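Here's a walk through one structure, piece by piece. Have the sequence and the 3D view open as you read.

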Amino acid sequence: MTETVDLSMFVEPADAGASHMTLAVEGISCAGCIRKIETGLAKLPGVIDARLNFTQRRLAVDWRNDEIDAPRIIEALERIGYRAHPFAPERAEADDKAQSRWLLRCLAVAGFAAMNVMLLSVSIWAGNVSDMTQETRDLFHWLSALIALPAAAYAGQPFFQSALRAFRARQLNMDVPISLGVILALGLSVYETATHALHAYFDSAIMLLFFLLCGRFLDLAMRRKTRLLAGNLASLKAEFAHRLDASGELVQVPAAALHPGDRVLVRPGERIPADGTVLGGNSDIDESLITGETLHRIARAGAAIYAGSINISGALTMRVGAAGDNTLVEEIERLIEEAVQTKSRTVRLADRAARFYAPIVHTTAALTAIGWLMAGASLHDAIVIAIAVLIITCPCAIALAIPAVQVVAAGLLFRTGVILNGGDAIERLAEADTVVFDKTGTLTLPDAQIDQTPSVAPEVVERAARLGLSSRHPLATALARMAHQRLPYAGAVEEPGRGVRAFIDGEEARLGSAEFCGIVSDAQAAEIGPGDASFISFAHGATTATFAIRQILRPDAAAVVGALRKRGLRLMVLSGDRAAAVAPVAESLGIKDWIAGLTPTEKISIVELLKSQHRRVLMLGDGLNDAPALAAAHVSISPITAAHLAQAHTDAVFLGESLMPVLNAVAVSRRARALMKQNLALAAIYNVLAVPLAIAGLVTPLIAAVAMSGSSLLVTVNALRARFRPSIRL
Amino acid sequence: MNVLIYLVPLALLLGLTGLAGFLWSLRSGQYDDLDGAAVRILPDDDLIDQRGKR
């Protein structure tokens, strides 16, 4: 039976019978790939245009509807050798793109203005110590004003808007002193120009905007890059479901396109695509992603099943549930909502600095003006000096100090396989003093693995594993990962629910349940012992073998856990699984604090208890049952295999089978936080040096320009030190 | 110093041309795929097309 595939949710109609689709493409590595894909698709009849974005690893295709359709384009790509996944861009991505273009435009305008104003300013500085006439100087000042005022009005918008928002909310952020400084500097300069004065501060104001916009743009560019990659990964993970239409026809649709009430067929070995209830069939299902429980549950008609579980043994038909049908998911969403509400918003380092900094700066400026008035200066002089104080303290270096480090550290983490959801996660990661692990899928690998039994000869393992390549059963696919030669046996036949058989060297070999393989007494199974393992048997002539398949630890779990402990972190395991399954894991990792059999509510209450003891909890988890605790914790990390709802509430996601990225994240964040503090200190030292000069009335625009660029450069260079990977000892 | 009367506007005009050029290149999407632009110049099959040998 050929199945129809319905990709309509990803296809956008273009003009006159044409369509457009974006695909995330796997395995693009070189220049040749671009040509292969683009020319390969252009050759297909009906394809109007195919353009690959190499930076984003995404392909945009346009085609005429009457000649070709979306599934055939994906098939064609597969024939060329690339797996492509249809992709629905998130709204956040489009917002980011617009924001990033806007910042770049502001940056360009500020850069242009800064260069030209500086050109005029240098002439004035030189002219002031030589023979420049007053008329020429005024002309240059007016020209500077002509460039600087419109440029600042345009390029300053990101700061003015943010300051206005903070002001309306009766809060202080860094943008308040920035905006105030820029506006006062420009206003004062215009006044000074009109009164034929020697100095004007147009260059300082516009240069300040240019430096700050650089910081803002880099910060956003980093976030955009990680979000793009996260979007691609999400589409790679997207599941397909077999929907049963009213006519009884089977249509393959993306899981995201399922609607409540749809009937879906789930074959053995497939992931359940949506929450719902079983209509018919009988099967064991693996709910480890939902509850952390590693024992399989039996699902019959009427049972509630959850997206992300794996159907193990039999085919099931299910009805997709409507929101409100599903007690477990609803309960978890309610818990998450509560957790997010009660989570005290941690004040970020930058805001804390702003709250401390802005009042001091403004009071100093006011006191300076009063001081000079009392000392007998004219009102004009007193105000000019007070504004010079505001300009020199304008927190250029402070505003760059933290974003610069965040950008560099996030870039380093990105390369080591950690994708951050936001820059401020770095600060919170560095503060963590307690690590709470989930067991299933976090400490252990997400998929069950074969537990090698020493009594089975390697060539038997190889034969069994190769036979496993022909099966879709989860146990067989776990075994198939052991195959060195990834070539299925010719003529292998799968008997659904029982096993797979083929002729190897003229003798029939079988892989499947013990009775399918004709093994009566499961002697080897008994030898492996009870516990959480599932068994799969292999028979080839007289040779028989039984393999245990169970959740095993991530390869470097023990080393990483040890290294975390050495760094002074308190470790805990909170699992939804049975005590019998959790105890050996905790023991092998040397973690004494472990609790098993927890519900999502209990997990979250333990996290809250730790918080009430003033511990800052780093939560690691992947399951639906971990989602509320992830949302409640001070900071959280999930593996990329985590359930959707869990991933939506974590601060970072890590890739791969290794647990090492977690250690990297902690180590890099701690180093980054140290650098942030260093940078703040550097900016403070600069102020301590420059402010007395300003108060004494000795600051000229030249001194302001040198001090401002000098301190900005200093913190940026210092931030670059975060690039060097700290030597991480296990 | 009278030369400033037309040199300064000329300098500004040149600067503005550069700015306009940048804004145009930004709008026309030339910064959307920086890595791709770097490798797209490597294949030279377009030259064969020009000579009409293909």
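Let's start with a pairing: in E5(A), the bridge partner of Ala24(A) is Arg58(A). Strands (E, at least two residues) and helices (H or I, at least four) are DSSP runs, numbered from the N terminus, and two strands pair if DSSP finds at least two bridges between them. The model is a predicted one, where local features need pLDDT of at least 70, side-chain atom pairs count only at pLDDT 80 or more, and totals for chains, interfaces and linings use all residues. Residues are numbered from 1 along each chain as its sequence is written, while chains are lettered from A and ligands numbered from 1 in the order in which they are written.

E3(A) runs antiparallel to strand E5 (residues 58-64) of chain A, and seven bridges join them. Ala24(A) also stands opposite His85(A) in E6(A); that strand covers residues 84-86 and pairs with E3(A) in the antiparallel sense over three bridges. Then there's strand E2 (residues 12-13) of chain A, joined to E3 (residues 18-25) by two bridges, again antiparallel. Here Glu12(A) has His20(A) as its bridge partner. The E2(A)-E3(A) hairpin has four residues between its strands, and Ala16(A) in the turn has a positive phi of about 45 degrees.

## Ile80 in helix H2

Ile80(A) sits in helix H2 (residues 70-80) of chain A. The cut-offs: buried takes 20 or more other C-beta atoms within 10 Å of a residue's own, exposed takes 12 or fewer, and partly exposed is in between, with C-beta atoms placed from the backbone.

Setting aside neighbours within four places in sequence, Ile80(A) is in contact with Lys36(A), Ile37(A) and Gly40(A); contact means C-beta atoms, placed from the backbone, within 7 Å. Cys33(A) is 47 residues away along the chain, yet its C-alpha atom is separated from that of Ile80(A) by 9.8 Å.

## Helix H6 and the cores

Helix H6 (residues 175-194) of chain A has 20 residues, so at 1.5 Å a residue it should span 28 Å; its end C-alpha atoms are 29 Å apart, which agrees. The expected span is 1.5 Å times one less than the number of residues. Among the buried residues of H6(A) are Pro177(A), Gly181(A), Val182(A), Ala185(A), Leu186(A) and Leu188(A). Their cover includes helices H4 (134-155), H5 (157-168), H7 (202-237), H10 (349-374), H11 (379-392) and H12 (396-415) of chain A. Just after H6(A), His196(A) takes a positive phi of about 60 degrees.

The largest nonpolar core has 177 residues, and those with the most contacts inside it are Ala110(A), Ala205(A), Ile206(A) and Leu209(A). Such a core is a set of buried Ala, Val, Leu, Ile, Met, Phe, Trp, Tyr and Cys residues joined through C-beta atoms within 7 Å. Helix H23 (residues 660-695) of chain A gives the largest share of this core, 16 residues. Apart from it lies another core, of 24 residues, including Val461(A) and Ala548(A). Beyond its neighbours within four places in sequence, Ala205(A) is in contact with Ala148(A), Ala152(A), Val182(A), Ala185(A) and Leu186(A).

An open sheet of seven strands in chain A has the order E1-E8-E7-E9-E15-E10-E13, with mixed pairing. Strands E1 (4-5) and E13 (304-305) stand at its edges with a single partner strand each, so one side of each is left without a neighbour in the sheet. E7 (residues 240-244) and E9 (residues 263-266) of chain A pair in the antiparallel sense over three bridges, with His242(A) partnered by Leu265(A).

Elsewhere, E20(A) pairs with strand E21 (residues 507-512) of chain A in the antiparallel sense over six bridges, and Phe503(A) stands opposite Glu508(A). Their hairpin has two residues between the strands, and Asp505(A) takes a positive phi near 50 degrees.

## Where chain A meets chain B

In all, 17 residues of chain A are in contact with 17 residues of chain B. H3(A) gives the most to the chain A side, with eight residues.

Terms used:
Contact = placed C-beta atoms within 7 Å.
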